[in-house]
Amino acid sequence: MGAGIHVSSYTSVMEISSTAFKNGETIPGRYTCDGDRKLSPPLTINGVPDGAKSIVLIMDDPDIPAAVREARGIEVFDHWVLFNIPADTTEIPEGVVVGMEGVNTAGVSGYTGPCPPPEYEPSEHRYIFKLYALDEMLPLSVGATKSEVLTALASHVLAEAKLTGRYSRK
């Protein structure tokens, strides 16, 4: 759970999964820079709690090389930021945007697939899809950053879920 994020005591168990890869497994190359870097994998959402008004999806890479961390002044690379996804959404189909898009670390809206630089260790990175169910729609505009989204959702989280994929360019 992120700093400053409070999760209500709902008993619903929210889940996020993909038909393209299982939790902890390799993300297929077609969803990476070795395929179509802009093609997002299909995602399935279950167990959104009653009372939820919207969903947020953030995909990031916590395994970026130290040189990239220092050069960019970042701790993780944000690959995808979606917010104000309707709470009744149960599927985000392959390559489809649902809700509003924020900007990622590359400074663009939309999905940017995994592309770990093979010259750095670890050569295999984890890509974490974090899902948040919220008790409100966020008062943000298209193009919001992950930081802005996380600040806005901090006191509105009803449930969280995550899906982790891995990728290496060896």
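The model is predicted, and residues are numbered from 1 along each chain as its sequence is written. Local features need pLDDT of at least 70 and side-chain atom pairs count only at pLDDT 80 or more, while totals for chains, interfaces and linings use all residues, and side-chain values use heavy atoms, with hydrogens and water left out.

Secondary structure elements are DSSP runs numbered from the N terminus (helices: H or I, at least four residues; strands: E, at least two). Two strands are taken to pair if DSSP finds at least two bridges between them. Strands β1 (15-17), β2 (43-46) and β5 (91-92) form an open sheet in the order β1-β2-β5, with antiparallel pairing. Because β1 and β5 stand at the edges, each with a single partner strand, one side of each is left without a neighbour in the sheet. Three bridges connect β1 to β2 in the antiparallel sense, and Glu15 stands opposite Asn46 in β2.

Strand β3 (residues 54-61) has pairing partners in β4 and β7. Antiparallel pairing with β4 extends over seven bridges, and the bridge partner of Leu57 in that strand is Leu82. Strand β7 (residues 124-134) also runs antiparallel to β3 and is joined to it by seven bridges; here Asp60 has Ile128 as its bridge partner.

Asn84 is located in strand β4 (residues 77-86). With a relative accessibility of 8%, Asn84 counts as buried. Contacts (heavy atoms within 4.5 Å), leaving aside neighbours within four places in sequence, link Asn84 to Ser54, Ile55, Gly99, Met100, Met137, Leu138 and Leu140. A polar atom of the Asn84 side chain lies 2.6 Å from the backbone nitrogen of Leu138. Most residues other than glycine have a negative phi, and most peptide bonds are trans. Asn84, although not a glycine, has a positive phi of about 55°. A cis peptide bond, with omega of about -5°, joins Glu121 and Pro122; Pro122 belongs to the loop between β6 and β7.

Another proline, Pro93, is placed in the loop between β5 (91-92) and β6 (100-101). Its relative accessibility of 29% means that Pro93 counts as partly exposed. Not counting residues up to four places away in sequence, Pro93 touches Ser40 and Pro42. The C-alpha atoms of Pro93 and Leu43 are 6.3 Å apart, although these residues are separated by 50 residues in sequence.

Aromatic pairs were defined for rings of Phe, Tyr and Trp (its six-membered ring) with centres within 6.5 Å (planes under 30 degrees apart stacked, over 60 edge-to-face, the rest tilted). The structure holds two such pairs. Phe21 and Phe129 form a tilted pair, at 5.9 Å centre to centre and 40° between the planes. Since Phe21 lies in the loop between β1 and β2 and Phe129 in strand β7, the pair ties together parts that are 108 residues apart in sequence. Phe21 and Phe129 are buried. The ring centres of Trp80 and Tyr111 are 5.2 Å apart with planes at 80°, so the pair is edge-to-face. Trp80 lies in strand β4 and Tyr111 in the loop between β6 and β7, so this pair ties together parts that are 31 residues apart in sequence. Trp80 and Tyr111 are both buried.

The second largest pocket holds about 210 Å³ of space. Its lining comprises 13 residues, of which Arg37, Ile64, Phe77, Cys115 and Pro117 are the closest to its centre. At least two lining residues are supplied by each of α1 (66-72), β4 and β7. A pocket is here, on a 1 Å grid over the protein atoms alone, an open set of points where a 1.4 Å probe fits, with protein on both sides within 12 Å along at least five of seven lines; lining residues have an atom within 4 Å of a point. Grid points are joined across faces, edges and corners, and the volume is the space filled by probe spheres set on the points.

Technical notes
Buried means under 20% relative accessible area, exposed over 50%, partly exposed in between (1.4 Å probe, protein chains only). A polar contact is a pair of N or O atoms within 3.5 Å; within protein, one must be able to donate a hydrogen and the other to accept it, and residues adjacent in sequence count only if both atoms are side-chain atoms.
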